[in-house]
Amino acid sequence: MNKRTFLKTSSVLLTGTMLNHLISCKKAEARTNWAGNLTYSTDNLHTPKTVAELQEAIKSCKKVRALGTKHCFNKIADSTENQISTAEFNKIISLDKEKNTVTVEAGIKYGELCKYLDDNGYALPNLASLPHISVAGACATSTHGSGIKNGSLATAVSAMEMVNGKGEVVNLSREKDGDEFLTAVVGLGAIGIVTKMTLDLQPTFKMKQVVYQNLPMSELEKNFEAIMSGGYSVSLFTDWTKKNVSEVWIKSKAEDMKDIAPAYFGATLATKNLHPIEALDPINCTDQMGVEGPWYERMPHFKMGFTPSSGKELQSEYFVAFEHAYEGFMAIEKLNEKVSPHLMITEVRAIAADDLFMSPFYKKTCVAFHFTWKQEIPEVMQLLPLIEEALAPFNPRPHWGKLFTLKPSVLQSRIEKLPEFKALMAKHDPDGKFRNEFVEMNLFGAS
């Protein structure tokens with residue numbers, strides 16, 4: 001190649017590179033999480049369509065994080081160098097009618113999977129409030145639905161495939177891999193990038209949903225467990241302003257809800273569909289009023305076909321052992337005057353114990369205090385330490401994908417199986433490719 005050709009070719013390549021970078025930067029301005037409170041720290045987003053392409057992407061990156069449906073409110077999925085989207089991994093692979101399992105690609109959303117399962121006579125044991133989240137992302141963060149006898153979404157996982165930090169395809173199963181499997185399921189994106197998961201199923205069923213209004217807080221002291229056990233899934237909603245629970249959402253298998261009582265522990269049956277925030281239009285909420293429907297159209301709070309809100313909100317959530325449910329509730333109630341001005345709504349629900357090493361529900365059934373905040377970031381970030389301090393006697397654990405300010409040393413002290421998790425990180429990601437600011441601070445930080 002002569003000098004003139006070299007300069008011409010170099011100029012074209014440089015211009016192309018600059019244009020691509022400018023295009024990437026332009027896209028990155030809009031590349032925020034779902035709520036818009038976090039702008040991702042890198043322009044470099046890889047979107048592989050095959051496992052081989054994913055392997056190459058991981059091998060080519062010094063640092064990288066998996067990116068799902070972007071519903072996390074903190075920096076767990078962030079990277080200053082590279083992100084890999086699982087959006088193209090969105091297919092149903094197989095349905096095993098002998099083992100009663102379904103195998104899906106990691107990026108499929110629950111709402112995209114559920115109708116297929118129902119059409120084939122199956123149901124998932126649980127769903128989160130939103131069906132818009134991906135299977136792998138929900139499981140990696142131990143995201144959950146509600147129900148004192150229902151585990152988190154991750155407890156349905158019986159096998160998984162991932163590409164680790166060395167670019168190797170790794171298959172793990174509950175049946176064959178014991179503790180390594182139990183460690184990897186709630187993996188925080190720090191063990192590998194998941195490509196597919198096998199989920200346990202149960203026979204399909206119909207559900208009904210009813211809502212009661214204005215449950216006196218005084219009823220919680222002696223009846224908390226009974227109230228939370230009143231259906232397959234039960235959620236309490238309060239804004240902490242009136243010394244009551246404004247709404248109680250009860251979701252039950254249709255066969256278990258023969259009659260609808262006019263009252264529930266002092267709360268009265270609603271006469272119309274409601275949004276968890278009563279002032280808002282319930283059009284995007286799943287049907288109530290005891291109308292029978294498929295499990296996947298009742299178990300979430302919001303319909304798949306609707307955007308649940310504008311996204312202009314913040315979320316934080318803390319888990320406390322169920323035995324401390326009432327004490328924890330009243331500890332937050334004491335902060336009502338500070339909390340309520342910045343709050344949209346608080347949801348209180350229960351989650352059954354599991355055996356997943358990095359799950360907040362490891363070996364203990366928990367109550368969840370879930371806060372949906374107005375997008376007032378400075379004010380909310382000042383409130384979180386007050387809530388954490390109020391709950392401190394009960395050793396709260398935060399949701400992995402939501403906002404919290406717990407000191408790393410405190411958080412680490414509450415994770416019984418953290419040494420095993422770090423050992424598995426070292427095995428599958430010896431160069432620390434998946435270790436970002438969130439992982440370094442919360443799992444390795446000393447402050």
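Where is glycine 36 found? This is a predicted model, in which local features need pLDDT of at least 70, side-chain atom pairs count only at pLDDT 80 or more, and totals for chains, interfaces and linings use all residues. Residues are numbered from 1 along each chain as its sequence is written, and side-chain values use heavy atoms, with hydrogens and water left out.

**View A. Glycine 36 sits in the loop between α1 (3-30) and β1 (45-46).** Helices (H or I, at least four residues) and strands (E, at least two) are DSSP runs, numbered from the N terminus. With 33% relative accessibility, glycine 36 counts as partly exposed; that label covers what falls between buried (under 20% relative accessible area) and exposed (over 50%), using a 1.4 Å probe and protein chains only. Glycine 311 is 275 residues away from glycine 36 in sequence, yet their C-alpha atoms are 7.1 Å apart in space.

**View B. Three strands make an open sheet in the order β1-β3-β2, with parallel pairing.** β1 and β2 (65-67) stand at the edges with a single partner strand each, so one side of each has no neighbour in the sheet. Two strands pair if DSSP finds at least two bridges between them; β2 and β3 (residues 83-85) have three, in the parallel sense. Look for alanine 66, whose bridge partner in β3 is isoleucine 84. In the loop between β2 and β3 you'll find lysine 70, which has a positive phi of about 65° despite not being a glycine. Lysine 70 counts as partly exposed, at 33% relative accessibility.

**View C. β7 (residues 157-164) and β8 (residues 169-173) pair in the antiparallel sense over five bridges.** Opposite glutamate 161 stands asparagine 171 in β8. This hairpin has four residues between its strands, and glycine 167 takes a positive phi near 85° there.

**View D. Asparagine 214 is another residue to check for backbone angles, with a positive phi of about 60° although it is not a glycine.** Its place is in strand β11 (residues 206-216). Asparagine 214 counts as partly exposed, at 42% relative accessibility.

**View E. The second largest pocket holds about 340 Å³ of space.** For the grid-minded: on a 1 Å grid over the protein atoms alone, a pocket is an open set of points where a 1.4 Å probe fits, with protein on both sides within 12 Å along at least five of seven lines, and lining residues have an atom within 4 Å of a point. Points are joined across faces, edges and corners, and the volume is the space filled by probe spheres set on them. α9 (377-391) and α12 (437-444) are the elements giving two or more residues to this lining, and α12 gives the most, with four. Of the 18 lining residues, Asn74, Lys75, Leu403, Phe404 and Met441 lie nearest the centre. The pocket lies between domain 1 (92-203 + 412-444) and domain 2 (206-406), because both give residues to the lining; the domain bounds come from an automatic or database domain assignment.

**View F. Cysteine 114 and cysteine 139 are shown here, and the disulfide count is zero.** A disulfide is a pair of cysteine sulfur atoms within 2.5 Å. The sulfur of cysteine 139 is 12 Å from its closest cysteine sulfur, in cysteine 114, which is too far for a bond. Cysteine 114 is buried, with a relative accessible area of 2%, and cysteine 139 is buried at 0%.
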